[in-house]
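Thanks for coming. I will go through one structure today, a few parts at a time, and I will keep to what can be read off the model.

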2 protein chains.
Amino acid sequence: MRTVDPAKHEAKRRHILDTAAACFARKGFDSTTVANICEAAGISSGSLFHYFPSKRAIFTAIFEQDERDIAKYVAETADSDDPWGDVLGLVDTLVEPLADPANAGLVMELVRQAGRDDEFAAMVARSDSATREGLTELLRRAAERGQIDDSLDLATAATWITALVDGLFSRASVDTEFAPLDQLPTLRLILTRSLRAEPR
Amino acid sequence: MRTVDPAKHEAKRRHILDTAAACFARKGFDSTTVANICEAAGISSGSLFHYFPSKRAIFTAIFEQDERDIAKYVAETADSDDPWGDVLGLVDTLVEPLADPANAGLVMELVRQAGRDDEFAAMVARSDSATREGLTELLRRAAERGQIDDSLDLATAATWITALVDGLFSRASVDTEFAPLDQLPTLRLILTRSLRAEPR
DNA sequence: GTCTATATACCGATAGAC
DNA sequence: GTCTATCGGTATATAGAC
């Protein structure tokens with residue numbers, strides 16, 4: 001018989017994470033103070049540090065929370081008869097977070113922190129290479145079926161797909177007029193014309 | 001007869017800017033302290049604040065310094081008989097700063113700061129719309145000559161060109177293995193296949 | 001113009017009552 | 001588990017001697 005309710009604990013933890021994510025997206029990691037998060041979440045700093053050991057730990061937990069299982073997607077589509085469609089499907093998944101405009105700023109903040117912090121960099125590198133490897137595998141299947149221009153290097157193609165997605169996040173964070181999800185058809189067009197065999 | 005040497009003053013100012021740019025690229029704007037810049041530049045804080053009124057002013061001055069005159073490029077190429085080549089030339093110019101790896105981090109830092117600071121955002125917005133308008137004009141000329149797929153919206157195409165460049169900066173800042181300038185031929189290939197009339 | 005010294009404020013994290 | 005109170009450290013910017 002336990003004295004604490006794990007579900008309640010988890011719910012509060014999640015509440016702190018969601019609140020902190022909004023703060024980090026708006027003000028950045030460095031300029032967001034623990035006091036900011038506490039005020040926004042309606043708790044005291046003593047309480048916050050009961051759930052997380054440090055401000056850094058909050059930031060990393062935000063992204064651990066939604067680290068996608070690219071490998072799972074790749075495995076699920078192993079028997080697909082349209083690998084090219086699966087490539088586009090994975091791109092859709094990667095772009096999905098942009099449905100919430102705040103996520104563009106949050107991801108850009110992660111990118112920036114990764115550029116100057118080894119721990120954050122390792123987290124990004126792990127997620128990033130998983131994405132590129134997954135894309136490369138899907139591209140390989142598509143190439144086997146003759147759906148891909150065979151003069152292309154698949155790893156390079158995968159990297160450029162992620163660069164395009166990165167560009168979408170960057171633009172969304174810089175230009176508030178930019179509606180990233182409206183650009184999905186154009187993104188697919190670029191990918192198709194650049195990568196497919198006999199694309200037109 | 002002046003008692004101060006303007007050239008010397010300017011040289012020192014530039015020295016502070018260069019030193020600060022390196023610090024901002026490595027540690028970000030928020031985590032770089034004025035003391036950091038002073039130590040790296042070999043001066044005291046009293047001296048630094050003689051040249052710049054605030055830390056913010058140093059950051060903005062870095063980018064005012066190299067704000068490109070896109071309009072000038074567009075004007076100079078007005079009589080060109082290969083507008084499509086001019087588009088690729090402008091892209092080369094935009095990517096050029098990546099020759100120094102530190103610039104990727106610096107530009108990403110600006111993007112992030114712009115997402116949460118009105119003054120920085122205005123600076124980025126001005127430079128960004130100038131770039132897109134310049135690209136749109138070059139694309140219009142290329143379209144007039146039948147070099148562009150005429151089913152495309154030119155402003156959208158210009159935005160995607162900047163998104164591709166943004167993606168290159170983002171990747172360069174995230175992945176230290178990534179050699180952005182080696183990717184220029186691939187970038188040109190993507191642009192050509194996506195935008196040109198009868199590209200293959 | 002450059003320095004040292006410091007004002008003033010705020011930060012992340014902890015201690016300990018309840 | 002949550003709070004209040006606060007510690008030790010550090011930030012930007014200024015003051016004033018030289």
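This is a predicted model: local features need pLDDT of at least 70, side-chain atom pairs count only at pLDDT 80 or more; totals for chains, interfaces and linings use all residues.

Let me start with a pair of helices in chain A. Helix α1, residues 6–27, and helix α2, residues 34–41, have axes that come within 9 Å of each other and cross at roughly 120°. That angle makes α1(A) oblique to α2(A). The crossing of these two helices is right-handed. On the α1(A) side, the contact uses His15(A), Ile16(A), Thr19(A), Ala20(A) and Cys23(A). Facing them from α2(A) are Asn36(A), Ile37(A), Ala40(A) and Ala41(A). Sorted by class, that contact has 6 nonpolar residues, 3 polar ones and no charged ones.

Stepping back to chain A as a whole. How many helices and strands does chain A have? There are 10 helices and 0 strands, so the order of elements from the N terminus is simply α-α-α-α-α-α-α-α-α-α. The C-alpha trace of chain A spans about 60 × 45 × 30 Å along its principal axes. Chain A has 200 residues, and 36% of them count as buried. If you take the contacts in chain A between residues at least 6 apart in sequence, 66% of those join residues at least 24 apart.

Is Ser80(B) buried, exposed or partly exposed? Ser80(B) has 14 other C-beta atoms within 10 Å, so it is partly exposed. For a sense of distance, the C-alpha atoms of Ser80(B) and Arg68(B) are separated by 20 Å, and the two residues are 12 apart along the chain.

Next, where the chains meet. Chain A and chain B each put 31 residues into the contact. On the side of chain B that touches chain A, at least two residues each come from α1 (6–27), α7 (102–114), α8, α9 (154–174) and α10 (184–195). Which helix supplies the largest share of that side? It is α9(B), with 11 residues. By class, this side of chain B has 10 nonpolar, 10 polar and 11 charged residues.

Last, the core. The largest nonpolar core has 91 residues. The residues with the most contacts inside that core are Ile161(A), Leu164(A), Ile161(B) and Leu164(B). Take Leu164(A) as one of them: setting aside neighbours within four places in sequence, Leu164(A) is in contact with Leu187(A) and Ile190(A), and also with Leu164(B) and Gly167(B).

That is what I have. I will take questions.

Methods
Residues are numbered from 1 along each chain as its sequence is written. Chains are lettered from A and ligands numbered from 1 in the order in which they are written. A nonpolar core is a set of buried Ala, Val, Leu, Ile, Met, Phe, Trp, Tyr and Cys residues joined through C-beta atoms within 7 Å. A residue is buried if 20 or more other C-beta atoms lie within 10 Å of its own, exposed if 12 or fewer, and partly exposed in between; C-beta atoms are placed from the backbone. Two residues are in contact if their C-beta atoms, placed from the backbone, lie within 7 Å. Helices (H or I, at least four residues) and strands (E, at least two) are DSSP runs, numbered from the N terminus. Ala, Val, Leu, Ile, Met, Phe, Trp, Tyr, Cys and Pro count as nonpolar, Asp, Glu, Lys and Arg as charged, and the others, Gly among them, as polar. Axes are lines fitted to C-alpha atoms, for helices over the stretch in contact, and angles run from 0 to 180 degrees between N-to-C directions. Angles under 35 degrees count as roughly parallel, over 145 as roughly antiparallel, 65 to 115 as roughly perpendicular and the rest as oblique. A crossing is left-handed if the near helix is turned anticlockwise from the far one by less than a right angle, and right-handed if clockwise.
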